[in-house]
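Please open the model in your viewer and keep the selection panel at hand. The stops below say what to select next and what is to be found there.

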Amino acid sequence: MTVTGLRTPAPGGSAAPAAPRLRWPGLRMTWLFLASRRVPATLAALALLGLVMRAALYWHWTLGSRGAAAQAVPVLIEAGAAAVIAISTYSPMGEPERATGRWLPWLRLAAAAGLTGVAVGALAAGAASAAPAGLAGGSLDLLRNVAGLAGLGLLAAAVTGGLLAWVGPLGYVMLAEIGLVAGWGSPLLWPGRPSHDLGGALCAGLVFAAGLLVTTVRGARDPVHE
Amino acid sequence: MTATQLPARPRAAALRPPSGGTAWRLLRLELRRSPMPWTFPLLAALFAFDPYRTAMGYPAVWTIRASVLPNKMLPDFVVFVVGIAAWVGSRDGRRHTLDLVEMTPRPRWAGQLAAWAATTIWAIVAFLAATAVLYGVTAAQATWGGPPWWPVIVSCAELAALAALGFTAGALFPGRFTAPLAAVGAFVLSLEGFNNAVGRSSAFAVLSPTTYVPANDAGVFYPYPPDVAIDQLMFLAGLTAVVLGVLGLARSSGAGPGLRRGVAVLTAAGTAAALTAVGLAGTARQALPGTSQPPSATAPLSMQAPWVIPALHDAASDQPRPYTPVCQTVAAVPVCIHPAFRIYLPDVAAALGPVLRVVAGLPGAPVRAGQVASGSLVPRSGQVNVGGLPAGEISGTPPAFSYTADQVPARAFAESRGMFITSLQAALVGAFVPAGVSQPATGAPAVPDRRTAPAVAPRVAVQEALLIDVGVPLATQRKQGLIAVQLPSALQAQADIVAQRFAGLPAAARHAWLARHLAALRAGHVTLAQLP
Amino acid sequence: MNIETAGLIRRFGRTEAVAGVDLAAGPGVFGLLGPNGAGKTTLLRMMATVIPPSSGTLRLLGRDPRASGPRREIRRRLGYLPQQLGYYPSFTTVEFIEYFALLKEMPARQIPGAVAVAVERTDLGGKARARLRTLSGGMLRRVGIAQAIVNEPDLLLLDEPTAGLDPEQRVSFRALLRDLAQRSTVVVSTHLVEDVGAACSEVALMHQGKIVFRGTPAELTARGTDGGAGDAPLERGYTAVLAQARS
């Protein structure tokens, strides 16, 4: 900074007028955090995926008429939503942001959980608007799938960084869909488990919880020198 | 101390990047630093669990095994090829190097082409490596024929086109969401959007390699018809040129007027190629195997009949491929199969033998059974269809039973040996005693109207009885839908009773009755009450 | 003259970032000083042919960069280091420099030697094979300088080139500039007045898109004798000129 940027007040002059008080600092901080994570664009992407879900169900975009094949395209769209959530964990600030106060972990937690909820809502709305066609397992299956996949994405973000974390949910879903068609029944492949299946819901829930925990504590991996 | 007085730093060893032409060196840089190879472990896992595992469930027939390349391997690759290509395409935007690359004399488009090419090359390397594994294993197991190369070529062209689409999306929209949205969008559109846009039965559907399914025995009885493959190749090449041309014409490409003119020509040529391919696809029609003649309106072809595109059709592909069938004599009847499917001969013989013994000596009983090309059996009224495909036919003088590779459990890998045998038995029984009512092409059961149902019921009863006689109980017939006729429930119940009664007769008595009344039965002149 | 401008203006919307600049520069090191937002980077980007002027004339290396053919010729003989250097983290130092040598259409056979020279001149020999993501900020800056000089440019444009360099490296860098300036025009945009004083034969001071001072560093220093804040003579000259421009 050059000295021309500084001004010394004239002797005997009055002090500069006080800056206006920041109203609602918590909200302001939250908004700035969300803006830094491009959450508005994330919401737009989730809305777009909701529309894609509607189109897929309305026009019967399926790989088959029964069982796993009928669910393949909706599950992939759910994975897309999870990928978008994972990408939103990317922070351009890196270390300076980490070396701050106590609010950052809670902001990360709230953003991840909130976006997961929005994703479920957007996809459910898309599915509902395609009535009479709809998701075979209903909204509960959607919640289970999106939560579990989002958890995978959050875990992937801790390893690869936010921008590449989309590979995690999409890779898992591609493998899971193969398992579905082959009839593998592991609860670890929760997208293929029947509705109201406790094992699948538990696995998805645990993965989601793990992803939230890692995001809260560590956040996404910082890319070096970005 | 001035700069000139500072002690000299030790000279570093001379660093000499390898020499080579500019284009190759740009490409080499991009190949070395491409993120595509990082997806190889995931692609290998997908390959092992999906296309490879599926292919190993198919018979070791080259074209059947090769069908997993566009139908399974490509969809598995689509997500990651498009996503990584979009990632690479958005590199300059994400890394803030736009100013640096836009102010160089070499147009930015040149660097972009190198980056796209590197991504595509790695994707194709992975695809070819997987293909090599699949073809290598098949070579050790196949009993006839050789590897088809058209599916490989077309699949590689589709990978290049998909990579171009993803790359251009990333370059034009270098946002953080472009990669996954492009990946998901490409997967959904390539598999479903295309087919839903043009209709599954539309001729234009042949343009999509991932959704066009050749017959189970494509390339076996007749040479693999290259018409559709050539058209697909033209379409994909045109699409690739158009997409990359759009990138070159963008303001940020750095192309001068001369290069822009060239890119415009490329884009126009690509558009022309793609539109020509679409136009040619519109002329595609199914034909009887070995011909390019369209079917008659009254004899529609099955879905497995090959597609020909007249402008691209080569008459040489209509010449049958010579082969010596492999035969086994059962009940004094030679049962033959194409050597490519010889592994199934024992099962085919085991299936047809009992029925041939039961009908031996009766009017119209086949004196030979043989495999014919898929699509060569024209659906006829009263014929049993399986999944929309004619299941079998008795024709000629002396009568011979013809069946196709559709009965071979190529794609229904949930079908057990037992189911395969019973369905082939039902096909022979259905051809021997046709039910006399047309079945929809979808394979749903035929539903006779009230007027014809009483005439159909006796034939259904005889079919059921013959199957009971060879050891297929009524319950199994129901479960597997072997009798593809749905009578009114009361009439069906009567037919079942009559069938069990008829099957319970001594074999000689049953044989004698059939010998006297078979012609009348087939003509619909026998009632249920008249059956013993 | 390698740089000639007359009435050069660049607007972004309603903002005039460069508000009429007349400049002529031949071989030598030309310093560009000014506070934040003065228009230095915009002027440099126009000279780098990254953005076109809104109006006025600009000739670089005797050519008009508006036409594509001359622009391409200019770019072959141009080196540019932006203020914020983007890079590909997975590339190595040598690969990054080689990449830009290729894009600058250097003859392929000359590239290996030129890359080696650029690496040596920026003292990156020990990090030649290192991935860029492993380098410190100062080393990345030197990588940026290396890619700018790999083609022995006749016109070298450097925006904040010494940011992140330690004092010894800055001294070496100034020596490099003087060496390059024997046959090229080097334009250095910087906030560090000591860089200007040590390396530049001529300096211009920009304020609100205009050049408010043009002369030698000694002449700028002389402007500070009558007043102006600063710890060094050149700083005092700098602040004095700016104060006058603002009054």
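Two residues are taken to be in contact if their C-beta atoms, placed from the backbone, lie within 7 Å. Before selecting anything, note that this is a predicted model, in which local features need pLDDT of at least 70, side-chain atom pairs count only at pLDDT 80 or more, and totals for chains, interfaces and linings use all residues. Residues are numbered from 1 along each chain as its sequence is written, while chains are lettered from A and ligands numbered from 1 in the order in which they are written.

**Stop 1**

A residue is called buried if 20 or more other C-beta atoms lie within 10 Å of its own, exposed if 12 or fewer, and partly exposed in between, with C-beta atoms placed from the backbone. A nonpolar core is a set of buried Ala, Val, Leu, Ile, Met, Phe, Trp, Tyr and Cys residues joined through C-beta atoms within 7 Å. The largest such core has 302 residues, of which A:Leu123, A:Val146, B:Val81 and B:Val82 touch the most other members. Helix H7 of chain B, residues 108–141, gives the most to this core, with 16 residues.

**Stop 2: chain B as a whole**

Chain B shows 17 helices and nine strands, and 52% of its 532 residues count as buried. An automatic or database domain assignment divides chain B into domain 1 (22–286), domain 2 (323–432) and domain 3 (446–532). The contact between domain 1 and domain 2 of chain B takes 15 residues from each.

A cis peptide bond joins B:Thr397 to B:Pro398, with omega at about -5°.

**Stop 3: where chain C meets chain B**

Show chain C beside chain B, where 40 residues of chain C are in contact with 34 residues of chain B. On the side of chain C that touches chain B, H3(C) gives the most, with seven residues.

**Stop 4: turns and loops of chain C**

Select strand E8 (residues 202–207) and strand E9 (residues 210–215) of chain C, which run antiparallel and are joined by five bridges. C:Val203 has C:Gly215 as its bridge partner in E9(C). The two strands form a hairpin with two residues between them, and C:Gln208 in the turn has a positive phi of about 50°.

Which loop holds C:Glu160? C:Glu160 lies between E6 and H6 of chain C, has a positive phi of about 55° although it is not a glycine, and counts as buried, with 22 C-beta neighbours inside 10 Å.

**Stop 5: chain A and its confidence**

Finish with chain A, whose secondary structure comes to eight helices and zero strands, and where buried residues make up 44% of the 226 residues. Colour chain A by pLDDT, the predictor's confidence in each residue, from 0 to 100. The average for chain A is 81, and 81% of the residues score at least 70. Among the elements of chain A, helix H4 (residues 95–98) has the lowest mean pLDDT (69) and helix H8 (residues 198–217) the highest (94).

How values were computed: Helices (H or I, at least four residues) and strands (E, at least two) are DSSP runs, numbered from the N terminus. Two strands pair if DSSP finds at least two bridges between them.
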